[in-house]
Amino acid sequence: MIGDIAEHHDKPDAAAVAVAGNVEIYIPLGGIIDIEKEKSRLLRRLEKADKDLAGIEKTLSNEDFIAKAPEEIIRQRRERKAELEAEKVRLEKNLEMLGR
């Protein structure tokens, strides 16, 4: 079902957004998913990502660890840190989309 097509609309609450070129498509999610349950799930994932990121940052700020650890381990920790930071951005964006 196509809703309303217009040159400009405000984003509806709890809607997914798809972008194709210079066109934004809003897909209302109310009634399709349990919004509160999905927010709760995303918040739990965000809390876990925060906790994991704090642990990795603590490890990487430890000068003794950096001095003694093999370069491969340090590289893995830095990669994991970047992955967690990107995951946090995605989770926060999804929460905003759901009307955090």
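Which residues are buried in helix 3? The close-ups below take up this question in a predicted model.

**View 1. Helix 3 and its buried residues.** Helix 3 covers residues 71–97, 27 residues in total. From first C-alpha to last it reaches 39 Å, close to the 39 Å expected at 1.5 Å a residue. Ile74, Leu84, Glu87, Lys88, Leu91, Leu95 and Met97 are buried in this helix. The list includes Glu87 and Lys88. Cover for the buried residues of helix 3 includes strand 1 (15–20), helix 1 (35–60) and helix 2 (63–68).

**View 2. The crossing of helix 1 and helix 3.** The two axes, of helix 1 and helix 3, come within 9 Å. They cross at roughly 155 degrees. Angles over 145 degrees count as roughly antiparallel, so helix 1 and helix 3 are roughly antiparallel to each other. The crossing of helix 1 past helix 3 is left-handed. Residues in this contact of helix 1 with helix 3 divide into 11 nonpolar, two polar and 13 charged.

**View 3. Ala16 in strand 1.** Ala16 has 18% relative accessibility. Buried means under 20%, so Ala16 counts as buried. Leaving out residues up to four places away in sequence, Ala16 touches Ile25, Tyr26, Ile27, Leu29 and Met97. The C-alpha atoms of Ala16 and Leu98 are separated by 7.8 Å, with the two residues 82 apart along the chain.

Key: Residues numbered from 1 in each chain as written. Predicted model: local features only at pLDDT ≥ 70, side-chain atom pairs only at ≥ 80, totals over all residues. Heavy atoms only, no water. Helix = DSSP H or I, 4+ residues; strand = E, 2+ residues; numbered from the N terminus. Expected span 1.5 Å × (residues − 1). Buried < 20%, exposed > 50% of the residue type's maximum accessible area, 1.4 Å probe, protein only. Contact = heavy atoms within 4.5 Å. Axes fitted to C-alpha atoms, helices over the stretch in contact; angles between N-to-C directions. Parallel < 35°, antiparallel > 145°, perpendicular 65-115°, else oblique. Left-handed = near helix turned anticlockwise from the far one by under 90°. Nonpolar A, V, L, I, M, F, W, Y, C, P; charged D, E, K, R; others polar.
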